[in-house]
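Subject: Structure for you to look at

Hi,

Here is the structure I promised to pass on. Please open it and keep it in view while you read my notes below.

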Amino acid sequence: MNIRKELLDEMLQECKTPPDLFGEGGILKQLTIALVERALETELSTHLGYKKHESKPEGQSNSRNGHSQKKVQGDFGIAEIVVPRDRQGEFEPQLVKKGQNRLTGLDEKRIALYARGMSVRDIQSQLQEMYGVEVSPTLISNVTDEVIDEVKQWQNCPLDASSAISGTSNYAVRG
């Protein structure tokens, strides 16, 4: 997916410094919140079988029931998002699951690639190929530095007989 140059120009028009892009109130955080909230609304529409502001299908007893606020941690810091609810309490969001307080995604992929022995530049290249995402070597290094002790512990964890067969370590199963 390509984002139109005109749209990017419009979004970046007010950005003059790096904090305008990546800071607490920066465009990256605002865009992430907007996209997550839009995706959650789409998930609820799929769950209910009709879009927001459309009439409820005949025989449908469940409906939208407002929103709840939730704080999530991501690469951009902590953000507060609104999560839509349904009247019967059956809606289980997939993007940000109930009880989840961290937006999962590239952090875990970076760590997994690093744990497999890939260099920072190899990880950067792999993420670009697989997801079309450009990630700076500095960001990759910062993420891996935060969890290096955990990665080393995982790499050095001995396998028991059942783990050797399944290809997982005791640490991976517990962690």
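Start with helix α1, which covers residues 5–12. Lys 5 and Asp 9 both sit in this helix. They are four residues apart, about one turn of the helix. The two form a salt bridge, and their closest N and O atoms are 2.9 Å apart. One thing before you go on: this is a predicted model.

Are these two residues buried or exposed? Lys 5 counts as exposed, because its relative accessibility of 58% is over 50%. Asp 9 has 41%. That value lies between 20% and 50%, so Asp 9 counts as partly exposed.

Next, find Glu 24. Which residue does Glu 24 form a salt bridge with? The partner is Lys 29, with the closest N and O atoms 2.3 Å apart. Check the accessibility of each one. Glu 24 is exposed, at 57% relative accessibility. Lys 29 has a relative accessibility of 7%, so Lys 29 counts as buried, the cut-off being under 20%.

Now move along to Glu 92. Glu 92 forms a salt bridge with Lys 98. Here the closest N and O atoms are 3.6 Å apart. Glu 92 has a relative accessible area of 45% and is partly exposed.

Last, look for a network. Salt bridges link Glu 41, Lys 52 and Arg 64.

How many salt bridges are there in the whole structure? The search finds five.

Best wishes

Note on methods
Residues are numbered from 1 along each chain as its sequence is written. This is a predicted model: local features need pLDDT of at least 70, side-chain atom pairs count only at pLDDT 80 or more; totals for chains, interfaces and linings use all residues. Side-chain values use heavy atoms; hydrogens and water are left out. A salt bridge is a side-chain nitrogen of Lys or Arg within 4 Å of a carboxyl oxygen of Asp or Glu. Helices (H or I, at least four residues) and strands (E, at least two) are DSSP runs, numbered from the N terminus. Buried means under 20% relative accessible area, exposed over 50%, partly exposed in between (1.4 Å probe, protein chains only).
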